[in-house]
Amino acid sequence: MKRIFRSKFRFIAIPILAVTFLFLVSYIVMLLWNFSIAAIFNIHSINLWQAMALFVLSKVLFGFGKGGRRGGAPWSKRSMRDKFEKTSEMDTEKMRTYMRERWCDWRSFQEEK
């Protein structure tokens, strides 16, 4: 399998696999929609092309799978970490007090209990 993706055959195999995956996922979306949503809300069934459009729309709206434990863009995390490491103790304490006044101080709730 590794040799296939390192050869010139990969320019044919990878697009075919991607299109196959898209059609398979669209078919599953169509089945789930027709089985659940159409039956529950008494609306019409959808076809494969509408399911594919629904799948692509959901991927555009909700993201392309960069979630998980380390979700998010690595460059934004690095820049925020660098920004917070460069702040002085006075600025850090100033921000903490602002956040406690603005939102709430969780320590006060823990002391009440």
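Helix α5 gives the most to the nonpolar patch, with three residues; helices are DSSP runs of H or I with at least four residues, strands are E runs of at least two, and both are numbered from the N terminus. The patch covers about 670 Å² of surface and is made by M80, F84, M95, Y98, M99 and W103. Patches are made of residues with over 30% relative accessible area and no salt bridge, like charges being joined within 9 Å and nonpolar side chains (Val, Leu, Ile, Met, Phe, Trp, Tyr) within 5 Å. Helices α4 (74-86) and α5 each supply at least two residues of the nonpolar patch. M80 is placed in helix α4 and is partly exposed, with a relative accessible area of 40%. The burial classes are buried for under 20% relative accessible area, exposed for over 50%, and partly exposed in between (1.4 Å probe, protein chains only).

The model is predicted: local features need pLDDT of at least 70 and side-chain atom pairs count only at pLDDT 80 or more, whereas totals for chains, interfaces and linings use all residues. Residues are numbered from 1 along each chain as its sequence is written, and side-chain values use heavy atoms, with hydrogens and water left out.

The protein contains six helices and zero strands, and its elements run α-α-α-α-α-α from the N terminus on. Buried residues make up 9% of the 113 residues. The protein exposes about 10,600 Å², of which carbon and sulfur atoms supply 65%; accessible areas come from the Shrake-Rupley method with a 1.4 Å probe, and for residues only the protein chains shown count as cover. Of the contacts with a separation of 6 or more, 27% are accounted for by residues 24 or more positions apart, contact meaning heavy atoms within 4.5 Å.

In soluble globular proteins, nonpolar side chains tend to be buried together. The largest nonpolar core in this model has six residues, V25, V29, M30, I46, A51 and F55. Such a core is a set of buried Ala, Val, Leu, Ile, Met, Phe, Trp, Tyr and Cys residues joined through side-chain atoms within 4.5 Å. Helices α2 and α3 each supply at least two residues of this core, and α2 gives the most, with three residues. When residues up to four places away in sequence are not counted, M30 touches I46, N47, L48 and A51. S26 is likewise found in helix α2 and counts as buried, at 0% relative accessibility. Leaving aside neighbours within four places in sequence, S26 is in contact with L48, A51 and M52.

One aromatic pair is counted in the structure. The ring centres of F23 and W49 lie 5.6 Å apart and their planes stand at 80°, so the pair is edge-to-face. The rule applied pairs rings of Phe, Tyr and Trp (its six-membered ring) if their centres lie within 6.5 Å, with planes under 30 degrees apart counted as stacked, over 60 as edge-to-face and the rest as tilted. The pair links distant parts of the chain, F23 being in helix α2 (residues 10-41) and W49 in helix α3 (residues 48-62), 26 residues apart. F23 is partly exposed, with a relative accessible area of 31%, whereas W49 is exposed, with 56%. In the loop between α2 and α3 lies N42, whose phi is near 55°, a positive value in a residue other than glycine. N42 is exposed, with a relative accessible area of 70%.

Side chains of opposite charge can pair when their charged atoms come close. A search of the whole structure finds two salt bridges, each defined by a side-chain nitrogen of Lys or Arg within 4 Å of a carboxyl oxygen of Asp or Glu. R96 and E93 meet through their side chains in a salt bridge at 3.9 Å, N to O. These two residues are three residues apart in helix α5 (residues 89-102) and are therefore separated by about one helical turn. R96 is partly exposed, with a relative accessible area of 44%. The side chains of R100 and E93 also meet in a salt bridge, at 4.0 Å, N to O. R100 counts as partly exposed at 29% relative accessibility, and E93 counts as partly exposed at 38%. Through salt bridges that share partners, E93, R96 and R100 are joined into one network.
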